[in-house]
Amino acid sequence: MSTTTARRVPLWLAIVAASLPMFMATLDNLVITNALPVMRVDLDASIEELQWFVNAFTLSFAALILAAAALGDRIGRRTVFLAGIGVFTAASALVALSTEPWMVIAARAVQGVGAAGIMPLSLTLLAGSVPARLRPAAIGIWGGVAGLGVALGPLIGGAVVEGWNWQAIFWLNVPIGVIAIPLALAALPNSLGARLRIDVPGVLLAGLGVLGLVFGIVRGNDAGWDSAEVLGSLIAGAVLLVAFVGWEQRAAAPLLPLRLFRDRGFSAANVVGLAFSFGMFGAVFILIQFLQVVQGATPLEAGVQTMPWTLAPMVVAPLAGALASRVGTRALMVTGLALQTVALVWIALTMAPDVAYGTLVAPFIFAGVGMGLVFAPMSTAVLAGMPEADHAKASGTNSTLREVGVALGIAALTAVFTGAGGELTPTGYVDAAVPAVLVGAGALAVGLVAALFLPAGRGTPRRETAADADAAREAELEASVV
């Protein structure tokens, strides 16, 4: 089902080539989060526009991940990976050149298109470049690099914004992209999968369905939850997503083969990914602004203050990836989600305008360690039960649901915040932020329950079996005439 056109390269070089572009895309998520208060003032942006600065990226990203994975199977995974790097790099320059909120939103949407070609194929290319026995450790390192992006995002964003301007955080992506393209060409094989027709109706139904839900949630408090605009958006979004599932059941070459969900571990890991992103990144959106708007921290100070949270995944994720083959992904992910749930409840119960920073350090550490215990084991669990022919679709599905979780989490938690009377002022923030953070904790608790359904011992790839051959044949049946 897959072929390669590159010679074997050193393991470290393959890891760097696959991880550097992913690091760039991961870094960008939290870099902009820390810059939002400054961008709000400089661009005279509303809180709704601030949400779209983040969600324009995540929605276009989520809508196109699976299409990018399918296109990679068809014309070459490295080919699409390189195109994604190029688009992301160019769009980063466009964000930096923006002078109006709508320009930022449009350029961020293009960034998401590029990221869709990077994130799922990064993991797929890495998994195909290393021996099966080394995959858990390689994925652990890959997760550590993702953790590094999380760790350095607020710090780099704060330092650059304070020392220069917010535009510079996007200019940083340009040299990274320039380095990443030749590195990927030299180190990663251009593997192929089943040559499937791109499921355009599936892309449209899924993308517009999620957009309808997020738009309705974002507009709910301003337009009124019973307004035609909001109700129409929410109902249309739900109907389109139901139609998407129905279409995927009968499509000749489905964007998302529903047969993947026959694997219990795959299904549970994806519920975890959705709930994890919803709760944690929605809370980060609220908490980063708390440190600046309420406590008066500069962007750099806020980045430094969150380091106990953001540095932990960089250390913990590689260890968790290595341990996954010994203790299984379920134990690691359950522990990580429990720590994150406790952390957000702790933060919500102690949040106050004059809360001492030292009070927040312990829950920040809990949250960071918990994130590190989820990152790499979740990726391992998603791929562990899948034949190699389905790795791109499986990884793409997980990335899609995680990005949908980010968009829905930010929209929903901000809706709770504004619905409770929240304002971006020192005196109008905390009382509304508390229930929003508790909603994030509730989402993580849902993910914890889902993690309990993971099979024990999902830490090593399974051997090729007759079931894998059946899955490969079923994938071939999904293929259309080229």
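I started at L204 and found this residue in helix α8, which covers residues 200-223. A reminder to myself: this is a predicted model.

Together with V200, L208 and L211, L204 makes a nonpolar surface patch of about 340 Å².

Then I stepped back to the whole chain. I looked up its secondary structure and got 18 helices and zero strands. The protein chain has 482 residues, and 60% of them count as buried. I noted its accessible surface too: about 17,200 Å², with 69% belonging to carbon and sulfur atoms. For contacts between residues at least 6 apart in sequence, I saw that 85% join residues at least 24 apart.

On to the loops. Between α7 (173-187) and α8 I came to S191. Is S191 buried or exposed? S191 counts as buried because its relative accessibility is 8%, and the cut-off for buried is under 20%.

My last stop was D44, in the loop between α1 (11-43) and α2 (47-75). Why does D44 count as exposed? Its relative accessibility is 67%, and exposed means over 50%. I looked at the backbone here as well: phi of D44 is near 55°, a positive value in a residue other than glycine.

How values were computed
Residues numbered from 1 in each chain as written. Predicted model: local features only at pLDDT ≥ 70, side-chain atom pairs only at ≥ 80, totals over all residues. Heavy atoms only, no water. Patch = residues over 30% accessible without salt bridge, like charges linked within 9 Å, V, L, I, M, F, W, Y side chains within 5 Å. Areas by Shrake-Rupley, 256 points an atom, 1.4 Å probe, with all protein chains shown as cover. Salt bridge = Lys/Arg side-chain N within 4 Å of Asp/Glu carboxyl O. Helix = DSSP H or I, 4+ residues; strand = E, 2+ residues; numbered from the N terminus. Buried < 20%, exposed > 50% of the residue type's maximum accessible area, 1.4 Å probe, protein only. Contact = heavy atoms within 4.5 Å.
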